[in-house]
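Thanks, everyone, for making the time.

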Amino acid sequence: MINKILSYYEDALKIKSGFFPVPRMAVIYPTYVCNFKCPHCMYGEMKFSKQNYPLEKLKVLIDELSWLGVKAVVACGGGEPTMYPYFKEMVEHIASRKLEFGLITNGSMLSRYYKVLVDNSRFVRVTIDSINPDNYKKIHCPPKGYTLGKTLGGIERLLDYRKTAPNKCTVGVKTLLSKKNFTEKYEIELFFKSVGVDYVSFKPARGCAEELKEIPRSTLKCHCFMTPIQTMIDPYGDVYVCSFYQYRLKSHTFGNVLNRPFKEVWYSKEHREAIDNLKISECNKYECKLSEYSNEMDEILTKDPDHINFF
């Protein structure tokens with residue numbers, strides 16, 4: 001992890017000097033529509049708003065990001081990205097602009113999209129919080145008639161197709177640990193390794209009734225200044241400081257790219273103000289990767305700044 005953080009050293013210097021780098025990655029929520037009703041989902045009622053990003057506008061945004069120098073796009077939550085009506089077109093357009101693509105999904109549509117995903121993705125990560133069929137239903141609340149077996153079948157098709165495809169995208173599983181499933185941790189890891197996924201990772205569920213408070217939190221120790229290494233855009237075209245915006249909507253957004261060019265929004269004074277207004281206590285409500293990036297870079301850049309250019 002530290003090697004990846006250190007790869008952003010030049011960006012950190014720019015940010016500390018008052019300049020915004022080009023974001024290396026864009027997180028895009030193409031839809032707020034979701035076919036699951038996970039009770040611990042942090043997006044609450046947002047995911048039932050039925051809002052989809054207009055396809056032609058999304059293509060324009062992707063073109064802008066590519067032109068600006070963004071390297072990768074990740075499609076993930078808010079809703080379920082594979083529920084986006086133009087999902088295949090979106091993935092293919094991203095690939096046509098030579099952007100790397102990653103997907104975070106509940107896995108329910110993998111049987112439909114496994115080919116386009118393997119052919120055009122750097123990674124696919126599936127969220128599965130139980131391998132017990134009954135517990136899976138309780139935790140994820142899928143639509144009537146949908147079973148764990150359908151998600152597992154989609155993963156199998158993805159892995160089988162990958163064996164013969166020229167593009168070897170990484171396939172992983174992530175599990176949110178809570179009171180409902182912590183006893184399955186070892187079983188989950190063993191099962192998916194036997195299936196043939198590349199990794200299985202675990203993260204504690206936070207901000208919900210089932211939270212395992214015994215698991216220590218990772219916390220932000222300084223002002224979160226590393227947010228400009230990525231950008232976050234939702235189905236309405238609103239641009240946010242990071243993905244943890246649900247409980248601070250007004251202070252966390254700084255523009256809309258449906259009616260303004262992304263570059264104009266990114267380099268705006270509103271962006272700077274939104275970062276300046278970040279509160280450590282609010283950031284620590286959930287565990288965010290950017291906290292780790294900010295903690296590490298802050299120590300590197302402030303511990304001995306007078307001798308930073310000498311080894």
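This is a predicted model: local features need pLDDT of at least 70, side-chain atom pairs count only at pLDDT 80 or more; totals for chains, interfaces and linings use all residues.

Let me begin with the helices. Two packed helices are described by the angle between their axes and the distance between the axes. Here, helix α2, which covers residues 9–16, packs against helix α13, residues 289–302, at an angle of about 75°, and their axes are 11 Å apart. Since angles of 65 to 115 degrees count as roughly perpendicular, that is the description that applies to α2 and α13. On the α2 side, the contact is made by Tyr9, Ala12, Leu13 and Lys16, while α13 contributes Met297, Asp298, Ile300, Leu301 and Thr302. Sorted by class, the contact of α2 with α13 has six nonpolar residues, one polar residue and two charged residues.

Lys16 lies over the face of Phe225, at 4.3 Å from the ring centre, and Lys285 lies over the face of Tyr247, at 5.5 Å from the ring centre.

Now to the rings themselves. A search of the whole structure finds 15 aromatic pairs. One of them joins Phe36 and Tyr136 in an edge-to-face arrangement, with 6.4 Å from centre to centre and 90° between the planes. Phe36 lies in the loop between β1 (25–28) and α3 (55–68), whereas Tyr136 belongs to helix α6 (residues 133–140), so this pair ties together parts that are 100 residues apart in sequence. Phe36 is buried, with a relative accessible area of 1%, and Tyr136 is buried as well, at 0%.

The pair of Tyr240 and Tyr245 is stacked, because the ring centres are 3.9 Å apart and the planes are at 15°; both of these tyrosines are buried. Ring pairs also link Phe20, Phe254, Phe262 and Trp266 into a cluster.

Let me finish with Thr175, which has its place in strand β5, residues 170–177. Is Thr175 buried or exposed? Its relative accessibility is 0%, and Thr175 therefore counts as buried. As for what surrounds Thr175, if we leave aside its neighbours within four places in sequence, the residues in contact with Thr175 are Ile128, Asp129, Asn181, Ile188, Ser201, Phe202 and Lys203.

Terms used: Residues are numbered from 1 along each chain as its sequence is written. Side-chain values use heavy atoms; hydrogens and water are left out. Axes are lines fitted to C-alpha atoms, for helices over the stretch in contact, and angles run from 0 to 180 degrees between N-to-C directions. Helices (H or I, at least four residues) and strands (E, at least two) are DSSP runs, numbered from the N terminus. Angles under 35 degrees count as roughly parallel, over 145 as roughly antiparallel, 65 to 115 as roughly perpendicular and the rest as oblique. Contact means heavy atoms within 4.5 Å. Ala, Val, Leu, Ile, Met, Phe, Trp, Tyr, Cys and Pro count as nonpolar, Asp, Glu, Lys and Arg as charged, and the others, Gly among them, as polar. Rings of Phe, Tyr and Trp (its six-membered ring) pair if their centres lie within 6.5 Å; planes under 30 degrees apart count as stacked, over 60 as edge-to-face and the rest as tilted. Buried means under 20% relative accessible area, exposed over 50%, partly exposed in between (1.4 Å probe, protein chains only). A charge sits over a ring if NZ of Lys or CZ of Arg is within 6 Å of the ring centre and within 35 degrees of the ring normal.
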